[in-house]
Amino acid sequence: MSALWQDIARAAGVLGEDGRPGATIFAEMTALAQRTGAINLGQGAPGTPADPLVAQAAIEAIQGGVNQYPPVQGNPVLLEAVQVHQQRFYGRQVATEEIVVTTGATEALFSAILALAPAGSEVVVFEPYYDSYAAAAAAAGASVRTVPLDPVGFGFDPAALEAAVSERTSVIVVNDPHNPTGKVFRREELELIVAAAQAHDAWIVTDEVYEHLVFDDLAHVPVATLPGAAERTVTISSAGKTFNVTGWKVGWAIAPAEVRAAIQSIKQYTTFVSAGPFQPAVAAGLAGDDASYAARAESLQHRRDLLLAGLARIPGLRTGVPGAGYFAIADFSEVTDLDARSIIARMAELIGIVAVPVPALCAPGSVVQEQLRGHVRFSFCQSHADMAEAAERLAGLDPSRL
Ligand code: PMP
Ligand code: GLN
């Protein structure tokens with residue numbers, strides 16, 4: 001019999017053959033960058049400072065004595081700020097009884113999946129996918145069913161969705177905007193997902209941590225704003241990406257009140273409460289003016305464009321243009337026969353760049369994992385100077401030396 005931690009590690013693809021736990025792919029690649037002195041385009045950890053408004057508010061909260069346990073559900077100031085934020089950006093009305101503050105989106109995802117996926121049920125995810133979904137499903141004793149995203153364009157076949165969702169499905173996870181592809185789901189795609197959830201009485205758990213980092217003329221449509229969706233949806237987001245404070249770990253879940261209470265009943269025995277002084281600081285950030293939101297997205301879009309320009313100079317490389325988020329995926333399969341991990345090891349040596357192998361974000365042994373064998377995820381959330389330097393180095397990569 002395996003211990004729960006082994007089930008979790010196996011599901012996330014990080015259980016060693018010797019039965020020992022491995023680090024996440026993000027930690028592994030960050031260690032590689034540190035060891036080799038490479039620019040780290042692996043882990044999505046911003047190289048730019050915290051948003052000044054939230055940073056100042058956090059300093060004031062600490063100095064002002066907001067340092068003890070906040071309420072389990074969250075500081076009322078933040079609950080209200082999340083409520084106002086939903087109304088302001090999406091015209092969505094939620095009650096504070098429907099909101100719980102969590103220790104990052106990670107805790108919200110874990111607790112929501114534990115609360116909604118009974119042992120033996122199935123959790124549906126779009127592949128490739130962020131590592132924590134499969135880990136949470138395993139903790140719940142549920143198994144993962146995948147809907148492949150097309151390697152070019154990252155659409156999905158409605159028939160594949162229909163095949164994956166059944167009466168065994170407890171939860172469909174929608175990560176929109178999507179990590180690692182940068183996909184922004186189209187409204188028609190979201191409608192198909194809502195219809196599938198309705199047809200099989202499944203929950204939808206959405207991970208919207210990149211909701212404010214959307215580029216070009218694209219717009220983020222929260223699943224819960226679609227007709228019939230809110231009553232079966234848990235909407236999850238966090239402050240980390242929006243305000244450049246990934247280390248603060250302040251997130252939230254919005255769900256019908258009884259599901260919010262179920263999520264909170266798990267939270268109260270895992271983390272109990274989430275960081276006291278950062279909660280009013282995030283509330284201040286959420287209330288920031290439109291220009292502050294636009295400036296952060298523009299800055300990131302500019303760095304995306306630097307990265308894409310660098311990658312475009314590698315002959316034969318095919319790179320998807322991300323509509324949102326921190327990451328772009330490049331397909332090296334026309335450039336080399338090496339797999340993504342080996343490509344990254346060689347890039348670290350040749351040009352001092354580290355990234356993330358996309359197969360590590362796939363179901364172990366899946367068809368998609370094989371299709372994406374030569375796909376590499378590059379982050380563009382490093383500082384402007386680092387992104388400019390990284391783009392130069394990538395442009396100088398001689399593919400024949402890989
Ligand atoms: N979901 C996705 C898709 C992510 O990329 C990340 C980020 N790192 C998280 C969740 C985790 O968010 P948090 O740091 O708020 O727990
Ligand atoms: N979300 C970040 C990424 O995808 C990293 C988070 C982590 O290290 N777990 O790179």
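Trainee: Why does the second largest pocket lie between domain 1 and domain 2?

Mentor: Domain 1 (4–49 + 291–401) and domain 2 (55–289) both give residues to its lining, so the pocket lies between them. The domain bounds come from an automatic or database assignment. A pocket is an open set of points on a 1 Å grid where a 1.4 Å probe fits, with protein on both sides within 12 Å along at least five of seven lines, and lining residues have an atom within 4 Å of a point. This is a predicted model, in which local features need pLDDT of at least 70, side-chain atom pairs need 80 or more, and linings use all residues. Residues are numbered from 1 along each chain, chains are lettered from A and ligands numbered from 1 as written, and side-chain values use heavy atoms, without hydrogens or water.

Trainee: Which residues lie nearest the centre of that pocket?

Mentor: Glu211, His212, Val214, Tyr293 and Ala297 do, out of 15 lining residues. Helix 4 (76–90) and helix 12 (290–312) are the elements that give two or more residues. Helix 12 gives the most, with five. Helices are DSSP runs (H or I, at least four residues).

Trainee: Turning to helix 5, how many residues does it have?

Mentor: Helix 5 spans residues 104–116 and has 13 residues. From first C-alpha to last, helix 5 reaches 19 Å, close to the 18 Å expected at 1.5 Å a residue; that expectation is 1.5 Å times one less than the residue count.

Trainee: And which of its residues are buried?

Mentor: In helix 5, the buried residues (under 20% relative accessible area, 1.4 Å probe) include Gly104, Glu107, Leu109, Ser111, Ile113 and Leu116.

Note on methods
Buried < 20%, exposed > 50% of the residue type's maximum accessible area, 1.4 Å probe, protein only.
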